[in-house]
Amino acid sequence: GRFEPVHNGHMALLQRALDSARQVIVVVGSAWQARSPKNPFTWQEREAMLRGALPAADSARVQVLPMRDYYNEAVWVQAVRHGVARLTEPGARIGLVGHFKDATSGYLSAFPGWELIHVERQGPIDATAIRNAYFGASPGTAASALSPLADQMPSSTLALLTEFAQTSAYLALQQEWRMLRGYREAWAAAPYPP
């Protein structure tokens with residue numbers, strides 16, 4: 001997943017993986033993307049959110065595999081398989097824990113030979129709603145803007161978001177988020193789809 005940011009749905013997937021295996025590899029997508037309103041956090045920040053939500057014993061069983069975006073699914077699947085193979089013993093049984101959210105979840109079917117472990121959606125929240133509340137706030141109001149969603153994310157995510165809101169990167173992302181939102185609104189009344 002992208003985990004932008006980590007929320008309870010992600011943690012349910014991770015918990016299911018921890019319940020199913022001795023070793024868990026979390027593949028963090030868009031690992032080297034430049035910061036943007038859709039991908040505001042580095043893979044290291046996302047790893048910190050994940051690890052911060054886990055007890056130490058569970059965190060010790062988790063490895064994070066940062067994965068760049070390839071705009072060719074076959075190349076991306078091969079890169080994921082290669083990365084996972086580097087972190088596992090030869091002949092290891094591999095399960096893929098996931099949730100079919102929308103069309104972007106099709107990659108879950110691209111790993112024949114890996115057991116697919118489906119986890120149901122954990123409620124209506126998703127990372128987009130969190131990002132919209134977050135970037136719609138200000139550095140001083142980010143924590144209060146996120147408070148209605150606080151029960152949908154681990155406290156480690158909330159803490160990182162509150163801290164990150166005090167950085168210049170947050171202000172730049174917020175400015176870009178507002179520009180993109182205004183652009184979409186300006187085209188909402190177009191007589192044809194833009």
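In which helix is E185 found? Select E185: this residue is found in helix α8, where helices (H or I, at least four residues) and strands (E, at least two) are DSSP runs numbered from the N terminus. E185 is exposed, with a relative accessible area of 54%; exposed means over 50%, buried under 20%, and partly exposed in between, with a 1.4 Å probe and protein chains only. The C-alpha atoms of E89 and E185 are separated by 51 Å, and the two residues lie 96 apart along the chain.

Before the next stop, a note on what is displayed. This is a predicted model, in which local features need pLDDT of at least 70 and side-chain atom pairs count only at pLDDT 80 or more, whereas totals for chains, interfaces and linings use all residues. Residues are numbered from 1 along each chain as its sequence is written, and side-chain values use heavy atoms, with hydrogens and water left out.

Now show the whole protein chain as a cartoon. Eight helices and four strands make up its secondary structure, and they follow the pattern α-β-α-α-β-α-β-β-α-α-α-α along the sequence. The C-alpha trace spans about 55 × 45 × 30 Å along its principal axes. Of the 194 residues, 40% count as buried.

Select strands β1 (residues 24-28) and β2 (residues 62-66). These strands run parallel and are joined by five bridges; two strands pair if DSSP finds at least two bridges between them. Within this pairing, V26 has V64 in β2 as its bridge partner. Strand β2 is mostly covered, as four of its five residues are buried.

Finally, select P37, K38, T128, R131, N132, W177, L180, R181 and R184, which line the second largest pocket. A pocket is an open set of points on a 1 Å grid over the protein atoms alone, where a 1.4 Å probe fits, with protein on both sides within 12 Å along at least five of seven lines; lining residues have an atom within 4 Å of a point. About 210 Å³ of space lies in this pocket, the volume being the space filled by probe spheres set on the points, which are joined across faces, edges and corners. Helices α5 (127-135) and α8 (168-187) each supply at least two lining residues, and the largest share, four residues, comes from α8.
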